Every structure is written in structure tokens, then in C-alpha cells.
Amino acid sequence: MAEIGYGYGSECHLLRWMGRHGQLLRDKIAELVGVPAGGIEFLDFNFKPGKLWPDKELKGLDFLPDNHPARIAWDDYWPQTGNVQNWDAVCKLAAGPNEEWLLIEAKAHLRELQSTCGAKERGGLPQIRRAFEATIEHLNIDARVDSWLSPYFQHANRLAVLSFLHRQRITTRLLNVYFVGDVNGQGRVSPQTRSEWLTPLKNQDDALGLSNGHALAPFVHKLLLNVASSDEP
């Protein structure tokens with residue numbers, strides 16, 4: 001986890017919204033995913049002493065019990081070394097008689113959309129390729145595995161987690177939060193309007209083969225939030 005910016009950056013703004021505008025955030029999430037606002041429970045993170053922000057994000061399937069069968073299967077599905085998926089927040093959803101999970105990713109500037117797989121052929125890359133092949137097949141899309149390795153590797157590997165959990169019969173949703181109005185500077189280009197996010201996000205979907213929809217589209221959500229206003233961006 002990178003150090004959280006003081007007054008800027010996606011992690012900072014997500015913490016603000018969770019801590020100081022929590023009810024409003026729950027209301028917006030509830031409307032988006034179709035559950036009661038009172039049925040949204042944010043999971044606690046662990047502590048990580050010695051850091052400026054001494055917290056440890058939930059990674060991979062850490063939010064499931066240690067003995068859950070999916071966690072055992074996960075070890076064979078995705079490399080357990082290197083950078084495992086870090087979640088900006090995880091929620092448990094009460095959806096009627098059932099329990100669902102909501103995995104949250106937050107972005108505040110355009111460079112956060114792009115990343116490249118750093119795994120090596122003699123390391124975890126073959127395992128990642130197999131996971132992406134299974135995900136692409138499950139999503140029923142026309143895409144090449146290589147296009148999922150760069151330049152939108154992070155979103156691709158989050159979709160791989162979502163697909164894996166659904167194939168394990170664990171209902172899960174992915175919520176991508178995009179902040180509008182963050183400060184620019186130090187290489188950050190932060191959209192100041194909703195429309196400034198739309199073309200880069202379409203480019204991402206085009207590159208991953210998602211533009212025409214996919215099998216898990218009802219479980220992938222997008223929420224745009226103003227950093228300093230309750231109004232729709």
C-alpha cells in the first residue's frame with residue numbers, strides 16, 4: 001500500500017467519505033447495488049506498526065474465513081507471492097436472506113488506471129495467464145490474455161477475483177469509485193468533471209474487451225463522487 005496523501009489521493013478521499021460522510025456513502029452504495037443502507041458493513045483493516053499510516057489493507061481473499069474452501073482453491077488459482085490484490089475497502093452486504101461481498105477500488109487521478117503485470121515467466125506469470133484465460137471464458141468476451149497484462153492489469157486482475165468467487169458460488173460485487181475534483185500535481189491528472197473520467201474508462205473497457213458487455217456486468221459498479229460535495233459530479 002502506498003503512503004496515503006494528506007488531503008489528496010483516492011485513499012485519503014475514500015477514508016474521508018467512509019469516516020465523515022459514512023451515511024451518505026452507504027446511501028449511494030445502497031442505491032447503486034440494490035441493498036438497504038443498513039445492510040452495508042465495512043470490514044476493519046488490520047494494523048501495520050511502523051508505517052506513517054499504520055494500517056494493513058485486506059488482500060486477496062483475506063476477508064473470507066481462514067478455513068473457507070475458496071481460500072484453498074485460491075492458492076492454486078492465483079500466485080501467492082508478489083503483489084496480491086489490495087482492496088481499498090471491503091463490505092459485507094445483507095441482501096435479503098443471503099450474504100454478499102462488495103470489493104471496493106478507488107481512483108482519483110488518471111494514472112491510477114494504468115498498470116502492467118510484473119510477474120515473470122519463471123514465476124507467477126503462467127498462473128496469471130491461466131486465471132485470465134478462465135476469466136475471459138467466464139465473462140464470454142472476445143479478448144486476448146496479453147491485452148489483460150498491460151496497460152490495465154489492475155482492473156483485469158480484480159475482474160479475475162470477481163470471476164473466481166462467482167465460480168465458487170460466492171456472490172460478490174466490484175465497486176469502482178472515481179473521485180472528481182482532486183488536486184493536480186506531481187504527475188497526477190485528476191479529472192475535475194464527470195466527463196473527464198468517461199473517455200479513459202471507455203478506453204480501458206475497449207482494451208479489455210468489455211465494451212459490449214459481459215457475463216458479470218450486473219456485478220460491476222461505478223460510482224463517481226465529488227471530493228468536496230454531496231452533489232452528483
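In the predicted model, helices H4 and H6 approach each other with their axes within 9 Å and cross at roughly 70 degrees. The two helices H4 and H6 are therefore roughly perpendicular to each other, as an angle of 65 to 115 degrees is assigned to that class. The crossing of H4 and H6 is left-handed. On the side of H4, the contact involves Ile 128, Phe 132, Ala 134, Thr 135 and His 138. These residues meet Phe 153, Ala 156, Asn 157, Leu 159, Ala 160, Ser 163, His 166 and Arg 167 in H6. Sorted by class, the contact of H4 with H6 comprises seven nonpolar, five polar and one charged residues.

Helix H6, which spans residues 153-167, also meets helix H3, which spans residues 69-77. The axes of H3 and H6 come within 11 Å and cross at roughly 135 degrees. That angle makes H3 oblique to H6. The crossing of H3 and H6 is right-handed. From H3, the contact draws on Ala 70, Ala 73, Trp 74 and Tyr 77, while H6 contributes Ala 160, Val 161, Phe 164 and Arg 167. The residues of this contact of H3 with H6 fall into seven nonpolar, no polar and one charged.

Helix H3 has a further contact with helix H4, which covers residues 125-139. The axes of H3 and H4 come within 9 Å and cross at roughly 115 degrees. Asp 75, Asp 76 and Tyr 77 of H3 take part, together with Gln 127, Ala 131 and Thr 135 of H4. By class, the contact of H3 with H4 consists of two nonpolar, two polar and two charged residues.

Aromatic side chains were examined next. Ten aromatic pairs were counted in the model. In one of them, the rings of Trp 74 and Tyr 77 are tilted, with 5.6 Å from centre to centre and 35 degrees between the planes. Trp 74 and Tyr 77 both belong to helix H3 and are three residues apart, about one turn of the helix. An α-helix has 3.6 residues a turn, so residues three or four places apart point the same way. Both Trp 74 and Tyr 77 are buried. Tyr 178 and Trp 197 form another tilted aromatic pair, with a distance of 5.0 Å from centre to centre and 45 degrees between the planes. This pair connects distant parts of the chain: Tyr 178 lies in strand S8 (residues 172-180) and Trp 197 in helix H7 (residues 195-208), 19 residues apart. Tyr 178 counts as buried because its relative accessibility is 4%, and Trp 197 counts as buried at 0%. Ring pairs also join Trp 74, Tyr 77, Trp 78, Phe 132, Trp 148, Phe 153 and Phe 164 into a cluster.

Individual buried residues were then considered. Gly 60 is located in the loop between strand S4 (58-59) and H3. Gly 60 has a relative accessible area of 1% and is therefore buried. Leaving aside neighbours within four places in sequence, Gly 60 is in contact with Trp 74, Val 84, Gln 85 and Trp 87. Between Gly 60 and Cys 91 the separation is 31 residues in sequence and 14 Å in space, C-alpha to C-alpha.

His 155 is found in helix H6 and, at 10% relative accessibility, counts as buried. When residues up to four places away in sequence are not counted, His 155 touches Leu 174, Asn 176, Gln 204, Leu 208 and Leu 210. Gln 204, in turn, is found in helix H7 and counts as buried at 3% relative accessibility. Not counting residues up to four places away in sequence, Gln 204 touches Leu 113, Tyr 152, His 155 and Tyr 178. Gln 204 and Met 18 are 186 residues apart in sequence and 27 Å apart in space, C-alpha to C-alpha.

In helix H1 (residues 10-20), the buried residues are Ser 10, Glu 11, Cys 12, His 13, Leu 14 and Trp 17.

Conventions
Residues are numbered from 1 along each chain as its sequence is written. This is a predicted model: local features need pLDDT of at least 70, side-chain atom pairs count only at pLDDT 80 or more; totals for chains, interfaces and linings use all residues. Side-chain values use heavy atoms; hydrogens and water are left out. Axes are lines fitted to C-alpha atoms, for helices over the stretch in contact, and angles run from 0 to 180 degrees between N-to-C directions. Helices (H or I, at least four residues) and strands (E, at least two) are DSSP runs, numbered from the N terminus. Angles under 35 degrees count as roughly parallel, over 145 as roughly antiparallel, 65 to 115 as roughly perpendicular and the rest as oblique. A crossing is left-handed if the near helix is turned anticlockwise from the far one by less than a right angle, and right-handed if clockwise. Contact means heavy atoms within 4.5 Å. Ala, Val, Leu, Ile, Met, Phe, Trp, Tyr, Cys and Pro count as nonpolar, Asp, Glu, Lys and Arg as charged, and the others, Gly among them, as polar. Rings of Phe, Tyr and Trp (its six-membered ring) pair if their centres lie within 6.5 Å; planes under 30 degrees apart count as stacked, over 60 as edge-to-face and the rest as tilted. Buried means under 20% relative accessible area, exposed over 50%, partly exposed in between (1.4 Å probe, protein chains only).
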